[in-house]
Structure formats: structure tokens, C-alpha cells
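Here is a quick walk through a two-chain model. Have the sequence and the coordinates open while you read.

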Amino acid sequence: MAAPALLSLIERSGLSTWIRETDSLFGFYFILLFHNIGLALAVGSSVFVGLRLLGVAPELPVEPLKRFFIIMWAGAWISAVSGVFLLIAYPTKALTNPVFYIKLTLVGIGVWIMIRIEHVVFGDTDLSEAVKMAKGKSLAGWSFVVWVSAITAGRLLAYTFRYLVYGHPG
Amino acid sequence: MQFQVNFAHLHLLLNHIPVIGTIIGVCLFLLSFVGNNDDLRRSSLILFAVVALLTFPTFVSGFGAQANLIGQPGVSDTLMERHEGAAMLSFWFLEVTGALALAGLWQFHRSSRPARWNVLAVLLFSLVTVVLMARTGNTGGDIRHPEVWASQEAPLTEGAVGSILHFFEPAPEKFIHAMIFSKWETAFLMDLHFLGLALIVGTVGALDIRIMGFAKQLPIAPLHKFVPWALAGLAINAVTGMLVLIGMPVYYTFDAAFWLKMLALMLLGLNAAAFYLTDAFSRVEQVRAGEDASTSAKLLAASSLCLWFAVIILGRYIQSLQETIK
């Protein structure tokens, strides 16, 4: 099946139409809300752990910060699942926009850095605080850069799409 | 779903707070220099912060009042626009005063008194704000109170001071046009708004959940050092949020989700006051690794977390609840 026909097929499905067109408060904006909350949890926790690794509040022990990865992962999964529903609602809008692929790439890099910090900094409990900090500093810096870029790309999706739905220019 | 709100009434109810609040604040601040009274200085800083917070709904209610009055006999659009420009200028000066007051309160906490630069900056900005607020009050009164006019005609001519101040006042129409015609400006501001939110959620959220009992191996006092980052996030969001609002006032003013978000922010201010102005904060700061915070502190932390999530939820629904207020 050709790609445009597939996009049209998804858009005409019951689920896609309902998310887009329902007047219910639990439609599109409800899913978008979860996407935002997930992102706020994932990025917010990354910012908190990152700031500590960059030297803020040196009296705060680093090791217990490992528990914040539970929140980061919960946020990342909430964003991913809600993101799939948003994609089902507007597949043409997202998949015909190059910025969408940039955003996905940046999110992938952001999650990869998150995994690296989890393993390199918090994977070995025998490491001293100073070694943890040294290993985590540049990763934390890159994490900021990548998350800021990913959020910016996500924000730009609302302003750069060419088609809202199949056959209808935005 | 439609709600009826009389914005003119609401604006009249709220607009005395910034005018009178800043005058009282400046008087207390000046009095604090007599005998270097720290209690009085701290009180005036708290008052500036509270007034700065309450000025948000005051300012926004003005847009609704303007919409109610446009086209009514005896109401001059030019006078309303002049008042709007004066309000925009005084609003930003008051918000800077409020931000400086919060910085001063932080310095009181860290080193028992504010830095010299902070005292001078608060003094300068609060004095200018009093003048600008007086001008805002006067131009607002001119709109609907012909009994205070010097002549029979609407007071469109400015005095010497009025002319100087008017030179610095923004033209609301120009700003609105700039926002409407540049979607990239709005995109940039909204992007910063989310980044500010992530900064707040990450830092205040971490403090809140630790107080509630999560990651108990963390001592609370060093966690509190992340609060300036949250304040930076709050400043980013206050500036970006208000710039977008000034650019699209009708979009936000008649939206129930926006006003509920505003209410949640006011309640967060109240919650922060209950935390910092009672003994909850001083007791929480003593909580070491592995220890539990008091029940009252846990309740305040839980309400802070709930209110921040309410702010996120209501912010997200602004787009879909337009024109829900008449």
C-alpha cells in the first residue's frame, strides 16, 4: 500500500476520527495533556538530576538521586504512549513534516543520554561521589541541550506542518 | 458550558490592590531604614511579592473590562488605550519589584539580610512603580469619572509629567499586531514557557515529593537550594505568559481554563506563604537523611504538587475552552 493511502486509511479509522472530532474533554486535548505531563516529568527530573551533576547543591548526596529515574521513565512512557495516539489522530500532519523526524531523533538521543547517565553514574554503587560527578557532568550538559532542542522541535510542529489531514493543506 | 463574569466589576474590585499596596510597601520599606529595622524590611518585601502576584488577575481583568465598555456612550477608546499603555508599563515595573523582593527574601534566608544592591534596587523600582501606578490609577479614573475632569471635555491633553511618562508607555495596538503577525514570536515564547515549566516541575517537584516521603535518603536543606532555579522558571513563565496574553488578550480573557489557572497560581502563592511564613519551613530544613517531615509540611507539599499539576492541566485546556466566559 502506498504511504499516502495508508495515512488516509489511518485518518478514516474510528479511533483517529474520534480523537480529532469529539467534543468530549477526553479527546485530543486530554491526550495532549498527558503528552505534556509525561514530558514535564521526564525533562523536569532530568533537569533536577542534571543540575546536581553540574554542581548545584554540592551537599546533596548523588546516589539517592537514582530513585528519580523511576519518574523519568514513567514520564517517558506516558509521553511515548500518548504520542502514538496523537500520531493516530493526525498521521499526515506529523509524517509529512520534516520537523517531526528531527523531534523523534532528538527524543531518541535524549533517552539514550538518560540511559547512559543511569548506567555510567548510578550503575556502580561503589563509585565515590566525586567520580560520579566527573562521569556525569558532560552527559548532564548534553542532556540539557538535547531536551531543550527536542521540546523546541515539538513546539514547532504546531507551526510548520504542510497538511493538517490527508488532502487538506494546513 | 458558559460562565457570566462582569469584568468591569472585577477590575474595580482588584485595581486598588496594586495602587494602594505599592504605596504601603514603599512606606514600610522607607521606615525600615529608621534604625535598620529588619522585620519591617522583610514585611515590605513580602508585601511587594504579594501585590506583584495579585496584580496578574488585576491586569487581565482590565482587558475584560475594556471589552465590556467598548462602544458604550460617553466612553472614549483613546482614554482606554492610554490607560492600557500606562497599566502595561506599571505592571512590568511592579513585577520586577516583586521579583527583586523575592530575591531579597531569599538573601534574608541565606545570610540574614538582603545585599546592598538588592535594597537599592527594590527602593528604586518601588519608587518608580508608585509613580507609574498613580498614573495608571488616574488614567483609569478618567475613563468613567467625568466628575474628576478639570474641564467639560475628556482629559486627552497631558501635563508635563504625563507627557514624559506617556513617551515610555507601549502602544497596545502595535504590540498586539506584532504578536498576531509573527507566529514565530508566539512559538518562541510558548517554547520558553514549557522550558520554564520543566524547570519548576523538576526542582519544586523534587522538594515536594521528598517532603512527602519519596527518596528519604536525601536531606531536605540542600534540596531547598534548587528553589532559585524554580524561581527562574517562574520568572520565565511569568514574562512569556504575559507577553503572549498581551498579544492575544481576547483569546485568554474569555477562557474559563485561563482564569482557573490564574486561581491555581494565586493558591500556590498562598500555599508558599503558609510554608515559609509559619514554622513549617524552619522545621523541614532540619529534616536529615532518613527522617520524616511533619504531617503539616507533607500536606503543604502535597497541595503544592497538586496545584502545579492543576496549572499544567488548565494551561493545556486553554486552547479548547475559548469563549467559555461571556
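Predicted model: local features only at pLDDT ≥ 70, side-chain atom pairs only at ≥ 80, totals over all residues.

## Overall size of chain B

Laid along the principal axes, the C-alpha atoms of chain B fill a box of roughly 70 × 55 × 35 Å.

## What the two chains are built from

Chain B has 14 helices and zero strands. Reading along its sequence, you get α-α-α-α-α-α-α-α-α-α-α-α-α-α.

Chain A has seven helices and two strands.

## Where chain A meets chain B

On the chain A side, 25 residues are in contact with 29 residues of chain B. Two helices of chain A, α3 (28-53) and α7 (129-160), each supply at least two residues of the side that touches chain B.

Which helix gives the most to that side of chain A? It's α3(A), with twelve residues. By class, the chain A side splits into 18 nonpolar, four polar and three charged residues.

## Two domains in chain B

Chain B is divided into domain 1 (1-169) and domain 2 (171-326). The C-alpha centres of these two domains of chain B sit 23 Å apart. Their contact draws 20 residues from domain 1 of chain B and 18 residues from domain 2 of chain B.

Looking at the domain 1 side, α3 (38-69) and α4 (77-111) of chain B each supply at least two of the residues that touch domain 2. Of the helices, α4(B) gives the most to this side, with eight residues. The domain 1 side as a whole divides into 13 nonpolar, four polar and three charged residues.

## α4(B) and its partners

Two helix pairs are worth a look here, and α4(B) is in both. Take α3(B) to begin with: the axes of α3(B) and α4(B) come within 8 Å and cross at roughly 155°. Angles over 145 degrees count as roughly antiparallel, so that is what α3(B) is to α4(B). The crossing of α3(B) with α4(B) is left-handed. Residues of this contact between α3(B) and α4(B) come to 17 nonpolar, six polar and three charged.

Now for α10(B), residues 227-247: its axis and that of α4(B) come within 12 Å and cross at roughly 175°. This pair, α4(B) and α10(B), is therefore roughly antiparallel as well. From α4(B), the residues B:Met88, B:Glu95, B:Ala99, B:Leu102 and B:Trp106 meet B:Pro228, B:Leu231, B:Ala235, B:Ala238 and B:Ile246 of α10(B). The class count for the contact of α4(B) with α10(B) is nine nonpolar, no polar and one charged.

## α12(B) against α14(B)

If you want to click through the contact, α12(B) brings residues including B:Ala257, B:Leu260, B:Ala264, B:Leu268 and B:Phe275. From α14(B), among them are B:Leu300, B:Ser303, B:Leu307, B:Val311, B:Leu314 and B:Tyr317. The residues of the contact of α12(B) with α14(B) divide into 14 nonpolar, four polar and one charged.

How values were computed
Residues numbered from 1 in each chain as written. Chains lettered and ligands numbered in written order. Contact = placed C-beta atoms within 7 Å. Helix = DSSP H or I, 4+ residues; strand = E, 2+ residues; numbered from the N terminus. Nonpolar A, V, L, I, M, F, W, Y, C, P; charged D, E, K, R; others polar. Domains from an automatic or database assignment. Axes fitted to C-alpha atoms, helices over the stretch in contact; angles between N-to-C directions. Parallel < 35°, antiparallel > 145°, perpendicular 65-115°, else oblique. Left-handed = near helix turned anticlockwise from the far one by under 90°.
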